[in-house]
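I set aside some time to go through this entry and to note what I looked up, in the order in which I looked it up.

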Amino acid sequence: MRKLENHSLKDLNTFGIDVNARDFIVIEHETDLFRWVESHGYEDIHVLGGGSNLLLTQDIDGYLLKNEIKGIEIIVEDEETVLVEVGGGENWHEFVLWAVEHGYGGIENMSLIPGTVGAAPIQNIGAYGVELKDVFEGLNAFHWEKGEEWVFTKEECGFGYRDSVFKRALRNKVFITRVYLRLTKQNHSLNTSYGAISKELTGKAVSIRSISDAVIAIRQSKLPDPKVLGNSGSFFKNVELSKETFSNLQEAFPSVPHYIMDEQTIKVPTAWLIDQCGFKGVRYGETGCYEKQPLVLVNYGHATGAEILEFSKKVQKKVQEKFNVRISPEVNIW
Ligand SMILES: Cc1cc2nc3c(=O)[nH]c(=O)nc-3n(C[C@H](O)[C@H](O)[C@H](O)COP(=O)(O)OP(=O)(O)OC[C@H]3O[C@@H](n4cnc5c(N)ncnc54)[C@H](O)[C@@H]3O)c2cc1C
């Protein structure tokens, strides 16, 4: 365990916001966590992974625990699958590359998502038709309220679209230490259903590696690199509407793009709503909407978290006024 005081978080969040953590504690093993809790209790704790889904609007006055628990280990193996235990502090994309290298499938569509493995269950990360829950078997977490380590099954995690129990009833109440994922050993369940992937793969053999390469190429062409232009990926979630609300919207805006999720739910891309409000590529001081993808809010270099938050509220308000639809942040605001 390492401890630092008044530590700058500028390089530890992908928006590149310069705030300090009063008490910054690096957790490298579960025992660090147990020792920490024994001596300090459970109050005023925030958990930090890769800082890629955070908007920091102020200094962190409490304790900030940075997850650096590492390790990738195959626990069980059969002819078709491997069950892998991954330390929560492992970098997600590096873990995907490890899986690709070993020929294990199931997560290649989620290549290049920033952040840690331990944060992946928080919002059930997903991309190009695959979500974490598709390969998820369980996780270990330190449960602040119970004061002990807890094992969560997939059902107990309550996964939904960019959602889990850790964003609702258990928000800020756990520290995820290890995650268990079941990956396939065969090329048989590869998902190329997203148009962009099949286009990128034209003329190439479909494999775990070629899908990962295609996803990396697509993402690099579409999304800003946080090292160059601060951002946290999609700032807002896509909108899920009831059938009735959607038909009212469609009556007023017949060209609204949409995807039918199930009999009751229709998803509308928030990027389209924001674009229709004229925000695509719009700069507002040091922040604004990315020119190629308006769902991504960016920091042109010197934005404060408060400025980005204020701009996000403007976007929200305009969308509400024009479409009577409420868009909500995917990003965690501290
Ligand atoms: C360029 C870019 C592209 C992105 N693309 C995608 C995408 O395609 N799909 C997608 O789903 N997301 C995407 N994201 C969002 C982000 O990468 C994910 O949400 C990622 O899982 C966040 O991981 P993190 O370690 O950076 O979490 P952080 O930002 O550090 O934390 C996010 C939240 O999780 C909590 N948390 C973190 N670790 C733990 C832990 N071990 N235990 C308990 N709580 C914890 C934090 O307290 C915080 O509330 C993108 C982000 C960027 C910058």
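I worked on a predicted model, in which local features need pLDDT of at least 70 and side-chain atom pairs count only at pLDDT 80 or more, while totals for chains, interfaces and linings use all residues. My residue numbers run from 1 along each chain as its sequence is written.

**Core.** I looked up Phe175 and found that, leaving out residues up to four places away in sequence, Phe175 touches Leu33, Val47, Leu65, Ala141 and Phe142. Phe175 is also, with Leu65, Val179 and Ile274, among the residues that touch the most other members of the largest nonpolar core, which has 87 residues. I take such a core as a set of buried Ala, Val, Leu, Ile, Met, Phe, Trp, Tyr and Cys residues joined through C-beta atoms within 7 Å; buried means 20 or more other C-beta atoms within 10 Å of the residue's own, exposed 12 or fewer, and partly exposed in between. Strand β12 (residues 174–184) gives this core its largest share, six residues, strands being DSSP runs of E of at least two residues and helices runs of H or I of at least four, numbered from the N terminus.

**Ligand shell.** I then asked which residues come nearest to the ligand. Of the 33 residues around the ligand, they are Gly49, Gly50, Gly115, Gly118 and Gly233, where near means a C-beta atom, placed from the backbone, within 6 Å. Strands β3 (45–48), β8 (126–127), β12 and β13 (230–234) each supply at least two residues of this shell.

**Backbone angles.** I noted that most residues other than glycine have a negative phi. Tyr128, however, has a positive phi near 50° and sits in the loop between β8 and β9 (130–131). Arg162 likewise has a positive phi, of about 45°, and is found in the loop between α3 (154–157) and β12.

**Domains.** Last, I recorded domain 1 (2–67), domain 2 (72–222) and domain 3 (230–333), with bounds from an automatic or database domain assignment. The C-alpha centres of domain 2 and domain 3 lie 25 Å apart, and four residues of domain 2 are in contact with five residues of domain 3.

Methods: Two residues are in contact if their C-beta atoms, placed from the backbone, lie within 7 Å.
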